[in-house]
2 protein chains.
Amino acid sequence: MVIAIHGGAGTILRSSMTDELQAQYEQGLNDALEAGYTILKSGGSSLDAVEQAVARLEDFPLFNAGKGSVFNNAGKHEMDASIMNGKDLSAGAVSGVNGIRNPIFLARAVMDHSEHVLLSGKGAEAFAAQQNIATASEDYFYNEFRYQQWQEALKEDRVQMDHSDKKFGTVGAVAMDKTGNLAAATSTGGMTNKKFGRVGDSPLIGAGTYANNHTCAVSCTGHGELFIRAVVAYDISCLMEYKGLSLSEACAIVVHDKLKKIGGEGGLVAVDSKGHIEMPFNSEGMYRASIDADGKKTIKIYKD
Amino acid sequence: MVIAIHGGAGTILRSSMTDELQAQYEQGLNDALEAGYTILKSGGSSLDAVEQAVARLEDFPLFNAGKGSVFNNAGKHEMDASIMNGKDLSAGAVSGVNGIRNPIFLARAVMDHSEHVLLSGKGAEAFAAQQNIATASEDYFYNEFRYQQWQEALKEDRVQMDHSDKKFGTVGAVAMDKTGNLAAATSTGGMTNKKFGRVGDSPLIGAGTYANNHTCAVSCTGHGELFIRAVVAYDISCLMEYKGLSLSEACAIVVHDKLKKIGGEGGLVAVDSKGHIEMPFNSEGMYRASIDADGKKTIKIYKD
């Protein structure tokens, strides 16, 4: 019974962090971690645990997902999310949805109540209405901090990852439940000032999210385009299944060697079928937290 | 110097085919194959070859892509396409685009002229306008045959793969050029009467399309949802790279074992870095054609 979550990776420096802000981030991570772990302890599934952990991260305004989503070029919040069940490889995902309070709930509904894996844009929103998925007004997603980020990005006509320091705003969770089932979930608000309906790795099964009981569950955060081209999440699984590597070895190769070679900054959280946890990243920092098989809790932001 | 293309897989039966119709399909395949091969012969890149071959398949009204795209639930044509360069793993893709004459040209423009891999919907169309990608009116995509398919599907409120017989309408191409570079491209008009902005495997790098000079180039056609969950194209590559399998062995495992177990009907075309060609499918038939390293041309529809 283990769980690991992330709130994004990137150039997160101690020098630009206050004690108060750091405490807030840690509180946000802790709340999400406990929400997922409570489900696991009560005998719930890893699928429910990652869904609820990600929903809490979406509700936390400092992470770029759900409520805390950045503004796109049109001044809207265009969100992506995905979830996968390692037990049967079922999966659900949404891309470019607007006004959905918790995109991860919609991804779960796509998995449970449609014949599809990935729904996008207005179509996905129509499905959400049919499924009674909670919506939220523009006000709910409004955040003065995010608005200022967008205004600055607009002025310079640049597309920005997240924050003034380069951060890949994504949240995610992976877990193994009492019965040994693995699951993974990821959600993001995308890139500040993003245009052209850009879709990153977060809603893509195999790239940003993957789970398979025989190998591992993975949720990524990083420069989405590079993570797509490297099919990161499934690559970890394949290195374990086909090459016989441990989760730790597979993570090291993908994050510190393969991704680095192509300039793919970021990281991921992963658990394997034996309950091992890995939270590797090749950036300055990654908001991350876990509770391992012995019940030991870890909450970290920087490299050390 | 090799090329292989497909025009979709599924329940294609001799009993429901006329000689005249079969000749038309074979002509369509031959034209696209020759368009790509002509580029390879003149020293062009595999990337240009697969792009042009797919563009010809998009222009051919009997295949479900580009001009021949099926009607979605709203009576529109919502198309997806992707392309990948095995030389540097660069890739471009679009999903849910309307009114674009050749979606594969737009996917190529995303690869060449944006920082992104996947653009969707209206945003992708705005990018197309900026890049002067040719558009086409509703009339161009209108086809009485497709319209009747849609009307029938509407009546029964069902989402249909393609044709009255169950066919997965997708086109694709893979090639190796004189310098040994591999490339893959895929394009589709989706599912008749499809709702909710459904996205299949065709625009997803790793699922429907993948190319890597060290292993292989793959373009898939089949039940998209299952192909996404199985990360089919990248799985072939991983089985070769990590398990040391031949292209033929990898294709057999993925198409005839792994996909079949989860009900994933369909097939793919693939070439490896030595110029071997594979065109496996687990359905009744697959429109396919190839020219191998000895210049031998093959055009086939059924199993035998």
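The model is predicted, with local features requiring pLDDT of at least 70 and side-chain atom pairs counted only at pLDDT 80 or more, whereas totals for chains, interfaces and linings use all residues. Residues are numbered from 1 along each chain as its sequence is written, chains are lettered from A in the order in which they are written, and side-chain values rest on heavy atoms, with hydrogens and water left out.

Contact (heavy atoms within 4.5 Å) involves 37 residues of chain B and 37 residues of chain A. The two chains bury about 3,200 Å² between them, 66% of it on carbon and sulfur atoms, where buried area is the accessible area (1.4 Å probe) that two parts lose on being put together, summed over both. B:Phe196, B:Arg229 and B:Tyr242 supply 25% of the area that chain B buries against chain A, more than any other three residues.

Helices (H or I, at least four residues) and strands (E, at least two) are DSSP runs, numbered from the N terminus. Among the elements of chain B that each supply at least two residues of the side touching chain A are strand S3 (90-97), helix H4 (121-130) and helix H8 (232-243), and the largest share, six residues, comes from H8(B).

Strand S8 (residues 198-199) of chain A is joined by two bridges to S4(B), the strands running antiparallel, and in this arrangement A:Val199 stands opposite B:Leu118; pairing requires that DSSP find at least two bridges between two strands.
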